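Let's walk through this model together, one question at a time. Keep the structure open beside you as we go.

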Amino acid sequence: MIGIFPGSTRGYGQNVIYTAAVFLLAASFFAPPAEAQRRRGGDEPPAITFVDVSMRPRNDRVAAVGSSRARQEVTLTARVAGVVSDVLFEGGSKVSEDEPLLKLLSEPEAIAVETAEAQRAQAFDTVERYNQLSSGSITRVAKSEAETALKVADAALRAARYQLDQMTIRAPFAGVMGLTNLQPGDYVAVGDAIATIDDRSTLIIEFTVPEAVASSVKIGLPVRANPIARTGDVSNGKVQAVGTRIDPVSRTLRVRAEIPNTDLSLIPGSTFSVSIRLPGEEAPELPGLAIQWDRAGAFVWRLTEENTVERVDAVILARNGDRVLVEADLEAGDKVVHEGGGFLRAGQTVNPQNS
């Protein structure tokens with residue numbers, strides 16, 4: 001506020017001079033460094049630090065929701081009819097490959113094996129006896145018939161043993177058994193379901209991706225999967241298979257991923273949130289401090305060979321700590337202002353210093 005004292009022209013003039021001096025001092029203090037320097041009569045360019053632009057792969061992520069299943073899953077069925085004699089597993093138990101799971105009463109089949117073994121032994125003894133006789137004591141026809149009888153006996157024995165083996169249901173692979181209602185004494189017909197068995201050491205997750213990114217999904221790409229019911233429990237896997245056709249209705253592509261489940265904590269059939277990182281083109285990578293902002297958006301100052309600066313518009317694609325990936329008209333090796341770019345103007349000469 002300017003004080004005016006009536007009747008004192010000299011005091012009024014002194015106050016006007018004092019006020020003008022205050023305004024000039026404030027303007028000099030709040031002016032940008034370059035402007036303040038100009039008013040002081042200096043022509044030394046402002047000092048800045050710079051960095052070289054580097055290029056990094058631009059990675060995009062695509063998210064989807066998919067359902068899981070075991071790597072191998074089978075419903076065991078009876079191949080022959082019979083009466084259950086033993087149930088050798090419990091629901092949820094781990095079994096190894098070829099382990100017996102269920103036995104049917106097999107007394108007739110066992111007797112058939114014994115009979116076939118006896119007949120085979122008799123045919124073998126006949127051939128051995130003929131082989132020990134001289135060529136003049138046995139005709140060639142009789143010897144040939146004996147050898148044929150031995151082959152027939154061998155085949156009959158293999159058939160009998162096969163029928164006996166069918167009376168025992170075995171695990172086709174190592175896995176976890178499902179529930180069963182069968183008990184000793186139950187009758188099962190051919191094709192009746194016995195139980196399920198799942199190889200849960202690896203889970204397969206099936207999901208779809210949009211047509212726009214379908215060409216970028218390749219076998220072997222890393223996958224992150226998170227059970228929707230267990231937030232934060234993330235498993236890492238990879239793409240196992242990719243479909244060959246875009247669905248004409250949904251415009252999506254089917255994809256299968258596999259994730260390890262060595263501790264069997266993940267249950268087949270669970271719903272997963274899936275994320276795939278897709279490889280993309282390279283993009284300039286800069287320190288975050290190099291990004292400047294104004295009403296038009298983000299930009300950086302590029303240093304020319306004449307040590308002047310030019311504005312380059314930029315769009316931030318991703319952040320990684322104090323580094324950012326940008327979409328900008330920059331190439332590897334370009335120099336951009338790192339620090340000191342807050343008060344620069346296009347075409348201004350600067351004093352570059354290594355960052």
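Q: Is Trp-301 buried or exposed?
A: Buried means under 20% relative accessible area, exposed over 50%, and partly exposed in between, using a 1.4 Å probe and protein chains only. Trp-301 has a relative accessibility of 6%. Trp-301 therefore counts as buried.

Q: What kind of model is this, and which pLDDT do side-chain atom pairs need?
A: Residues are numbered from 1 along each chain as its sequence is written, and side-chain values use heavy atoms, with hydrogens and water left out. This is a predicted model in which totals for chains, interfaces and linings use all residues, local features need pLDDT of at least 70, and side-chain atom pairs count only at pLDDT 80 or more.

Q: Which geometry does the aromatic pair of Phe-299 and Trp-301 have?
A: Rings of Phe, Tyr and Trp (its six-membered ring) pair if their centres lie within 6.5 Å; planes under 30 degrees apart count as stacked, over 60 as edge-to-face and the rest as tilted. The structure holds one such pair. Phe-299 and Trp-301 are 5.2 Å apart centre to centre with 85° between the planes, so by that definition the geometry is edge-to-face.

Q: Which residue lies over the face of Phe-299?
A: A charge sits over a ring if NZ of Lys or CZ of Arg is within 6 Å of the ring centre and within 35 degrees of the ring normal. Phe-299 is itself buried, at 6% relative accessible area. The residue over its face, at 4.1 Å from the ring centre, is Arg-311.

Q: Which residue forms a salt bridge with Arg-311?
A: A salt bridge is a side-chain nitrogen of Lys or Arg within 4 Å of a carboxyl oxygen of Asp or Glu. Arg-311 is partly exposed at 32% relative accessibility. Its partner's closest O atom is 2.3 Å from the nitrogen, and that partner is Asp-294.

Q: Which helix holds Glu-117?
A: Glu-117 forms a salt bridge with Arg-161, with the closest N and O atoms 3.3 Å apart. Arg-161 lies in helix α4 (residues 140-165), and Glu-117 lies in helix α3.

Q: How many residues does the largest nonpolar core have?
A: A nonpolar core is a set of buried Ala, Val, Leu, Ile, Met, Phe, Trp, Tyr and Cys residues joined through side-chain atoms within 4.5 Å. Those with the most contacts inside the largest one include Phe-207 and Val-274. The number of residues in this core is 21.

Note on methods:
Helix = DSSP H or I, 4+ residues; strand = E, 2+ residues; numbered from the N terminus.
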